[in-house]
Amino acid sequence: MRTAFVVETVRAAERELMARLPEGALMQRAAAGLAAACAEFLGQSRGKVYGSRVVLLVGSGDNGGDALYAGARLARRGAGVAAVLLAPERAHAGGLRALLAAGGRVSTAPERDIADARLILDGIVGIGGKGGLRPDAARLAALASDSRAFVVAVDLPSGVEADTGEVRGPAVRADATVTFGTYKPCLLVDPARELAGAVRLVDIGLELPAAADLEALQYADVAELLPVPGAESDKYRRGVVGIAAGSARYPGAAVLAVAGALRGGAGAVRYVGPAADAVIDRFPETLVHAGPPSKAGRVQAWVVGPGLGDDADRVRDVLAADVPVLIDADGLRLAARATVRARTAPTLLTPHAGEAAALLGADRAEVEASRLPAVRRLAESYGATVLLKGSTTLIAAPGRVVRVNPTGTSWLATAGSGDVLSGLAGSLLAAGLDTVDAASTAAFLHGLAGRLAAWGGPIGAQDVAEGVRGAWREATRA
Ligand SMILES: NC(=O)C1=CN([C@@H]2O[C@H](COP(=O)(O)OP(=O)(O)OC[C@H]3O[C@@H](n4cnc5c(N)ncnc54)[C@H](O)[C@@H]3O)[C@@H](O)[C@H]2O)[C@@H](O)CC1
Ligand SMILES: [K+]
């Protein structure tokens, strides 16, 4: 599991460690890791450290100190290093001395130095940043982001909100971020994540609490969670998932949800609704039923909503079932909050940003700008697990660590792709995973399937569904 911690927790762990180490030791560890990563970045772009022009953007805190010490190390290896000091009298004194002693200099022409640089280190602010970047810092951030240089953010891109991933004003756009001790939430959650580039973690020996503030499944976690049929399995023991989706107007949503469900590990898929012919045509293995969901026969989990139109009765009937229910698309509009809260079996909501905004009474843009607070709020207000779809899909449940999906791809932003995801997650629920595991495993497979299917080109929702098997294989092989 990849984990991230908020600033307060990182600070506490740093204090605890600093008390046991000689003064400055922690910063030296950080700077050494940072310099090594920079040397590698310089090497990768077919050059070398010796003779490379490096510019340090130095704020007045320890983030600037890291940049200065790392710059000193690069200068000792022959790089031409210039430091742009935002507040010369408050720059980290030890770091500046080290840089000058190693042959580095203070820039007197920042614009020219930045334009000539091959590598820029953003040491403007780290976890001590408060509010939006001040104007002089914002100007440097813009110069660096627009430059031809490879930009390395120190700890995090200056200007982003460390704990939430929000970006409220100007910020550095980095090609890579070298972060210390642990990931911070902003390195995993958009819009900040997008500004971080490739993230490198430098171990500085922090001891962090067992419960993270944010976590992301890795291949090994997914492999462990995915249900594998045993010798004693039959279709009922593997779980039956019910799909209440589709309408005369939108039969395709039913087909796609079933397509996802068939690849999600349940032993059988039961379809209930008016699109049975379309479903059977495409997937003859589906069990279909024309009456209300409660009369369809036993299922271990329901998916309700994709392409449902205004069929509130079907939603009400499904919500009355005493099994886990996934609510998506039209179902989200039709499910009363009080009904969801009153359920005793688990509920999983899977809105995209627009649907989440409608449920929260907020703006879509606001939800997209602050995904992490939004998904937490929604989970609390419904007393349910919420999977918020988007550029970084998040999964929250009351009392649980929020999960972020690491496998997304923008090619998944295609019609019907969400229907496949809901079927897939519903199938995993029926197979016995809890709501958080089912949602995060489904998002992981779905993202991977999208990537495998896309290969850098456009895809449709059917391609994603067909990619799930390959994704499953890849996840369990690792
Ligand atoms: N505390 C530790 O033990 C370690 C800290 N390290 C580094 O230290 C950083 C934290 O250092 P600090 O606590 O000094 O804080 P920062 O250096 O992150 O930021 C504080 C400084 O930035 C300025 N600042 C704050 N908000 C600003 C804004 N909106 N616009 C412009 N300037 C702003 C402040 O005036 C202050 O001088 C970490 O991110 C990391 O890079 C590492 O050296 C590892 C060890
Ligand atoms: K920074």
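Tutor: Ala-329 sits in the loop between β14 and α13 (330-334). Helices (H or I, at least four residues) and strands (E, at least two) are DSSP runs, numbered from the N terminus. This is a predicted model, where local features need pLDDT of at least 70, side-chain atom pairs count only at pLDDT 80 or more, and totals for chains, interfaces and linings use all residues. Residues are numbered from 1 along each chain as its sequence is written, while chains are lettered from A and ligands numbered from 1 in the order in which they are written.

Student: What is the phi of Ala-329?
Tutor: About 45°, a positive value although Ala-329 is not a glycine. Most residues other than glycine have a negative phi.

Student: Buried or exposed, Ala-329?
Tutor: Ala-329 counts as buried because it has 24 C-beta neighbours inside 10 Å. The cut-offs are 20 or more other C-beta atoms within 10 Å of its own for buried, 12 or fewer for exposed, and partly exposed in between, with C-beta atoms placed from the backbone.

Student: And Trp-455, where is that?
Tutor: In the loop between α19 (435-454) and α20 (461-477). Trp-455 also has a positive phi, near 50°, but it counts as exposed, with 8 C-beta neighbours inside 10 Å.

Student: Which residues does the cis peptide bond join?
Tutor: Asp-190 and Pro-191, with omega about 5°. Pro-191 is in the loop between β7 (176-180) and α7 (192-196). Most peptide bonds are trans.

Student: New topic. Which residues come nearest to ligand 1?
Tutor: Gly-61, Asp-62, Asn-63, Gly-126 and Gly-128, out of 27 around ligand 1. A residue is near a molecule if its C-beta atom, placed from the backbone, lies within 6 Å of it.

Student: Which helix gives the most to that shell?
Tutor: α3, with four residues. α1 (7-18), α2 (25-44) and α3 (62-76) each supply at least two.

Student: What about the sheet, what is its strand order?
Tutor: The order is β1-β9-β18-β17-β16-β15-β14-β13-β10-β11-β12, in an open sheet of eleven strands with mixed pairing. The edge strands, β1 (2-4) and β12 (287-289), each pair on one side only. Two strands pair if DSSP finds at least two bridges between them.

Student: How many bridges join β13 to β14?
Tutor: Three, between residues 301-304 of β13 and 325-327 of β14, and the two strands run parallel. Val-304 has Ile-327 in β14 as its bridge partner.
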